[in-house]
Amino acid sequence: MARIIPVLTLILAVVTARVAKSESPKEVLAQINKDSFGNSVLSVLQLQLATGGPVGEIQILLNNIASQLNGDQKKADKVHESDTVAFEKIIADLEQEIAYHQTQIVALSNLRDSTTEALGEAEAEVRVVTSDIANNEKSFADESATRQSQHETWVRKDAEHVDQMDAIDEASKIVQHLQAGVAFAQLKSRFEKVQAKLMESKHALFKPLINALTQLASKVDNKSIIKILELLAQIRQQLVASRASLLATEERQAANWEVQSGHLQEEHKRLVERKAFLENSIVQFKVTIQEAVEDLEDQTLFLEDAEDSLAIQERWAAEQESQYEAQTFEREQQLEVVERLQEVLTQKMSAASEFLEIREEVF
């Protein structure tokens, strides 16, 4: 069996190249016999017949070869179909790309011209806006200085109130500790710090409290403690009210300033934004003009590349189609040979045997 496989391969190669469909079995075998390879093949077949080898084995092999050829053709058809779909997609993409580049070339030319005109208009307007900004900023600076002074005054006074309220709270804690039985000696350091802080403020509101705390330092009694705690609570309430009044004044002044400066700020913002927009536009216009010129060159090159790629793809597709058709034709020829050999080896075996008995050896 292993010896018959290469024999059949040689038969297919020789017969595919030289056999015409209208020839008789003897004529088919005669043409094979004229070739040195075909002569060798027929010698093997002659030996197979002389030794009584079964013809059925050859038929099985021919059937297998036919099945293989059909299978190869189906695979080739599938690959061809897939390649065709892929090629059509590539062609469509390239055609779309070519159309895109053509459109871009027209658009870039228009962009270059219109941008050049817009650049001149922006440069003229930015000079006018620059003068308006200078006038607006002078007015705003004068009003802003007044408002800043008011705000700094409030910040200073508010900080003073916070420090005073902290001192009052600390004094309340110390007095509460004394009320709870803590020895004055243990609280002396804290007491002296609070007393000094209250005296530094030089506020008339604290004079009665400072006197009461001085007396408490020399003599601690519950009645004095209660009186001082009441005094501390009253002073704290007055500080809270005073601080709230200062805050209300600050808020009112801030609101007045907001209204007063609103128009200046809005106008300034509008002018600054307009100038920034114009300046940015001028820069962008110049960049756009330069880029449009460069992009026009690039798009022209891209268009040429896309057109070249399209031509290459079309040539490649034509070559693939030609190769597919040639391979298909070759398989069809081989299948025809297999069928004719099967006919020779079965229905007309007597003619083949007769030829093999009278053939002359080439070698």
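1. Let's start with a cavity lining: around the second largest cavity sit six nonpolar residues, one polar and no charged. Here Ala, Val, Leu, Ile, Met, Phe, Trp, Tyr, Cys and Pro count as nonpolar, Asp, Glu, Lys and Arg as charged, and the others, Gly among them, as polar. The lining residues are Ala-171, Ile-174, Val-175, Phe-191, Val-194, Gln-195 and Leu-213 (each has an atom within 4 Å of a cavity point, on a 1 Å grid where a 1.4 Å probe fits but cannot get out). Helix H4 (55-179) and helix H5 (184-201) each give two or more of them.

2. A word on the model: it is predicted, with local features needing pLDDT of at least 70 and side-chain atom pairs pLDDT 80 or more, while totals for chains, interfaces and linings use all residues. Residues are numbered from 1 along each chain as its sequence is written, and side-chain values use heavy atoms, without hydrogens or water.

3. Now the nonpolar cores (buried nonpolar residues, under 20% relative accessible area with a 1.4 Å probe, joined through side-chain atoms within 4.5 Å). The largest has 18 residues, and Ile-168, Leu-198, Leu-209, Leu-213 and Leu-232 touch the most other members. H4, H5, helix H6 (207-218) and helix H7 (222-345) each supply at least two residues, with H4 giving the largest share, seven.

4. What does Leu-209 touch, leaving out residues up to four places away in sequence? Its partners are Ile-168, Leu-198, Ile-228, Leu-231, Leu-232 and Ile-235 (contact means heavy atoms within 4.5 Å).

5. There's also a second, separate core of nine residues, including Leu-119 and Ile-282.

Methods:
On a 1 Å grid over the protein atoms alone, a cavity is a set of points where a 1.4 Å probe fits but cannot get out, and a pocket is an open set with protein on both sides within 12 Å along at least five of seven lines; lining residues have an atom within 4 Å of a point. Helices (H or I, at least four residues) and strands (E, at least two) are DSSP runs, numbered from the N terminus. Buried means under 20% relative accessible area, exposed over 50%, partly exposed in between (1.4 Å probe, protein chains only).
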